[in-house]
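This report describes how the parts of one chain meet and which side-chain pairs join them. Please consider the structure shown here before reading on.

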Amino acid sequence: MRILVALGGNALLRRGETMTAENQRANVRIAANHIKEVAVDHEVVVAHGNGPQVGLLALQSTAYEEVGIYPLDVLGAESQAMIGYMIEQELGNVMPQDQQIVTMITMTVVDADDPAFKHPTKPIGPVYDEATARRLAAEKGWTIAPDGEYYRRVVASPQPRNIIEQKAIRQLVDSGVMVVCAGGGGVPCVYDEDGILHGAEAVIDKDLASAELAVRVDADLLVIATDVAGVFRNWGEPDQERIEQMHASDALNTEFAAGSMGPKVKAACNFALATGKRAVIGSLEDIQGLVAGTHGTAIIP
């Protein structure tokens, strides 16, 4: 079976953790061991988030005043290489020695007139308390939004329309190569009126891009790995209950948190409706159960 595993940002950095290379490496090592549980028996493509990392690179860029701030598309490419390197290396340490693994810098096409550019929603960078977040927003001209009990910077998150490297990724997977790609949803790019491709000042939702890629590489299953056991009714309430299975049509008509579970459910629905196959949302720690259909929340056509 061909499985696309979309790693949430928690697989790389736990909420509230300091963004040190050591912390990220330790979390990637844990993630690699979980992925191995299914990768030894299946074809696996790995996509991942980059919200904390691209935000860190943006902060570092603003700290050096000798040159202008680097645009988000360039920082997104840098984060893909940084995270991909760690994932590729740690997977290589646990997978059979003859398993070839590559990281591919991936570009994702978005529409230049996507309304998201006027309404930033995608959280990047570290979490802050409210007072610190509002001070930084005033100083740096950021847009901020709540993220659980914290606050984070938010940037534009346009819809993915195409994956530039999809054919190359498909060829690699068909030949048995394990590919780490579409990091952070891919580097956002737009075509101008002359058909020239340019980077865009945005960060794409990695789950929506992962669903798009999963369709294009003919995946049999999309696994959206996060830090909760699945999608819940009455999340955060005493009577919260995990939903075992939802039809995509029902899920699309149910409201979920826009900044967290909402995009994951939408991505799962997109994949299920486009392919007629199952997508599943749940904890990376339960990945064998997610694949087997005994854990998480399944989204079916």
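Domain bounds, as used in this report, come from an automatic or database domain assignment. The chain is divided into domain 1 (1–109 + 156–297) and domain 2 (120–154), and the C-alpha centres of domain 1 and domain 2 lie 22 Å apart. The model is a predicted one, in which local features need pLDDT of at least 70 and side-chain atom pairs count only at pLDDT 80 or more, while totals for chains, interfaces and linings use all residues. Residues are numbered from 1 along each chain as its sequence is written, and side-chain values use heavy atoms, with hydrogens and water left out.

**The domain interface**

Domain 1 contributes 18 residues to the contact and domain 2 contributes 14 residues, where contact means heavy atoms within 4.5 Å. Buried area is the accessible area (1.4 Å probe) that two parts lose on being put together, summed over both. Between domain 1 and domain 2 it amounts to about 1100 Å², with carbon and sulfur atoms giving 65%. Arg-15, Leu-59 and Ala-156 lose the most area in domain 1 to domain 2, together 36% of what that side buries.

Across this interface the rule finds 1 residue pair in polar contact, both residues being at pLDDT 80 or more. A polar contact is a pair of N or O atoms within 3.5 Å; within protein, one must be able to donate a hydrogen and the other to accept it, and residues adjacent in sequence count only if both atoms are side-chain atoms. Helix 2 (residues 51–63) supplies the largest share of the side of domain 1 that touches domain 2, namely 8 residues. Helices (H or I, at least four residues) and strands (E, at least two) are DSSP runs, numbered from the N terminus.

**Salt bridges**

A salt bridge is a side-chain nitrogen of Lys or Arg within 4 Å of a carboxyl oxygen of Asp or Glu. By this rule the count comes to 16 salt bridges, and between domain 1 and domain 2 the count is 1. Two salt bridges are listed below.

| Salt bridge | N to O distance |
|---|---|
| Lys-122 and Asp-205 | 3.4 Å |
| Arg-2 and Asp-174 | 2.8 Å |

Arg-2 in strand 1 (residues 2–7) and Asp-174 in helix 5 (residues 166–174) are 172 residues apart, so that pair links distant parts of the chain.
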